[in-house]
Amino acid sequence: MSTYQSTLDYLFAQLPQYQKIGGKAYKANLNNITDICELLGNPHLAIKTVHVAGSNGKGSVSHMLASILQEAGYKVGLYTSPHLKDFRERIKINGIDISEEEVVDFVSEYKEILTDVNPSFFEWTVGLAFHYFEKKKTDINIIETGLGGRLDSTNIITPEVSVITNISLEHTVILGNTIELITKEKAGIIKKGIPVVIGKTQKETKPIFEEIAKNLNSPIHFADKEKSKEYKLDLVGEIQQENAQTTVKTINVLESRGFHISEKNIEEGLANVIGNTRLLGRFQIVSKNPTIVYDTAHNPDGIKKVVSEIGKLLPNKLHVVIGIASDKSHQKMLEPFPKGTAFYFCSSSNERVLKGGELTKIASELEIKGNTFNSVQEGLNEAKSNAIDSDLIVVTGSNFVVADII
C-alpha cells in the first residue's frame with residue numbers, strides 16, 4: 001500500500017519536473033493535459049475558475065482573491081506553485097491543504113490509466129487539482145499559471161475572468177527574450193468573450209493586450225487606471241497595494257458575473273490573507289533583533305521591490321543570504337542592493353539554483369564581494385553570527401532558497 005512519501009517520490013522521481021530540471025520539462029502544446037483531463041472525466045469543465053498569470057505578483061493576487069471570496073462565504077479552491085514546504089500547499093480549499101490521503105488515492109487510482117500519456121510533474125499536479133476541486137464541489141477556484149500562459153498546463157480552463165498582473169523579462173529561453181514576446185505568451189490566457197484584468201499599464205504591453213482582447217471580443221480592464229482606495233493589508237510591501245488594486249478590479253468583474261461580495265468582505269479579505277490562505281514568503285518577517293525577512297523574489301523586478309522595502313526599515317547593516325536559479329539575470333538581480341551589503345552566496349538543495357561558488361564569481365565581476373556557502377542554512381547561520389540587533393537579514397533570490405530555509 002502506497003504511503004504519502006512513496007507517492008511523492010514517484011511524482012518527483014518518475015516525472016520530468018520544471019522545478020528541478022527547468023526548460024526540458026516544458027512542453028510546447030496542451031495535448032497531454034487535454035488527454036489527462038479527458039481520462040479524468042474533464043473536471044475542468046465542471047468547475048468555475050479565475051485564471052491568474054503575470055511575471056510578479058500573481059501568487060499574491062491569487063491568495064488575495066481567495067481570501068476575499070472566503071470572507072464572502074464561498075468555498076474556494078486555490079491552485080498555486082511552487083510549494084515551499086510541502087507539495088500539498090499547491091492545492092487548497094479555504095486555506096486547508098489537500099490531505100495526504102487524497103494525494104495518495106489519486107495517484108494510486110490513475111497511475112496505470114495515465115501511463116500512456118506520460119505526464120510531466122506539473123501536468124499531473126494540475127490534473128489532481130481539477131479533479132479535487134470538482135470532487136469537493138467548490139464554488140470558485142483561483143488557478144495560478146505555472147509558467148507563461150498560452151502553453152501552460154492550466155490553460156485549458158475557460159474562466160470567469162482572466163488576470164495578468166504585469167510583465168517583465170523572465171524565463172527568456174522558453175517565453176522569448178523581449179517584453180513583447182513574453183506579453184504574447186501571457187496573453188494566451190485571454191479567452192473569447194471572457195473579461196480580462198491587466199494589473200499594470202506598461203507602454204510596451206498595452207497595445208498588445210488591447211489588440212488580442214479586441215480580436216477575441218474580450219472586455220479589457222487596466223486596474224491601475226481606475227480610482228482605488230488604499231486598503232489595510234497584512235502582506236507587507238508597496239507592491240502589495242498594486243496587487244490589491246488588481247484583485248479588487250477582478251472582484252468587481254466577478255460581481256458583474258453573479259458573485260455577491262461586499263466592501264466589508266474585500267476589506268477583511270485583504271487584511272487577513274495570511275491567516276485565510278496560509279501564504280508564506282512574501283516579505284515575511286520571521287524574527288526581530290536582528291530582523292530576519294524571507295522573500296521569494298526571483299527576478300530583477302521582484303528584487304528591486306524587496307530593496308525598496310529594505311530602505312524603509314533603515315537597518316544599521318544589510319545581510320543578504322541569496323541563491324539564484326541558473327536561468328535568471330544574475331547580474332541584474334545583484335545590482336539593486338545598496339553598497340556595503342554583506343552577501344552570503346548559497347547553493348540550494350534544488351539543482352536549478354546556481355552553486356554558491358558560481359554566483360560568487362558572477363558577483364566578483366560586478367565588484368561585489370561575499371562568502372560562499374554549501375547550503376542556505378549555513379549562509380543564514382553565518383549571517384546571524386555576524387549581525388547585531390539593529391541589522392537586517394534578508395533570505396531571497398528564489399522560491400527554492402526560501403523553501404530550503406522554511
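Author: Two strands pair if DSSP finds at least two bridges between them. This is a predicted model, and the pairing below is read from it.

Reader: Which residue in β14 is the bridge partner of Leu-318?

Author: Leu-392 in β14 is the bridge partner of Leu-318.

Reader: How many bridges join β11 to β14, and do the strands run parallel or antiparallel?

Author: Strands of a sheet pair through backbone hydrogen bonds, and the pairing is either parallel or antiparallel. Here β11 (residues 318-322) and β14 (residues 392-396) run parallel, joined by five bridges.

Reader: What is the strand order of the open sheet?

Author: The order of its six strands is β9-β10-β14-β11-β12-β13, and the pairing is mixed. At the edges are β9 (284-287) and β13 (370-373), each of which pairs on one side only. On average, neighbouring strands in this sheet are turned by 20° against each other, ignoring direction.

Reader: Which strands does helix α15 touch?

Author: Helix α15 (residues 356-365) packs on the sheet and touches β11, β12 (342-346) and β13. The direction of α15 makes about 165° with that of β13.

Reader: Now a pair of helices. At what angle do α3 and α6 pack, and how far apart are their axes?

Author: Helix α3 (residues 31-39) packs against helix α6 (residues 121-135) at about 35°, and the axes are 10 Å apart. The crossing of α3 past α6 is right-handed.

Reader: Which residues meet there?

Author: From α3 come Asn-32, Ile-33, Ile-36 and Cys-37; they meet Glu-123, Val-126, Gly-127 and Phe-130 of α6. Sorted by class, this contact has five nonpolar, two polar and one charged residues.

How values were computed: Residues are numbered from 1 along each chain as its sequence is written. This is a predicted model: local features need pLDDT of at least 70, side-chain atom pairs count only at pLDDT 80 or more; totals for chains, interfaces and linings use all residues. Side-chain values use heavy atoms; hydrogens and water are left out. Axes are lines fitted to C-alpha atoms, for helices over the stretch in contact, and angles run from 0 to 180 degrees between N-to-C directions. Helices (H or I, at least four residues) and strands (E, at least two) are DSSP runs, numbered from the N terminus. A crossing is left-handed if the near helix is turned anticlockwise from the far one by less than a right angle, and right-handed if clockwise. Contact means heavy atoms within 4.5 Å. Ala, Val, Leu, Ile, Met, Phe, Trp, Tyr, Cys and Pro count as nonpolar, Asp, Glu, Lys and Arg as charged, and the others, Gly among them, as polar.
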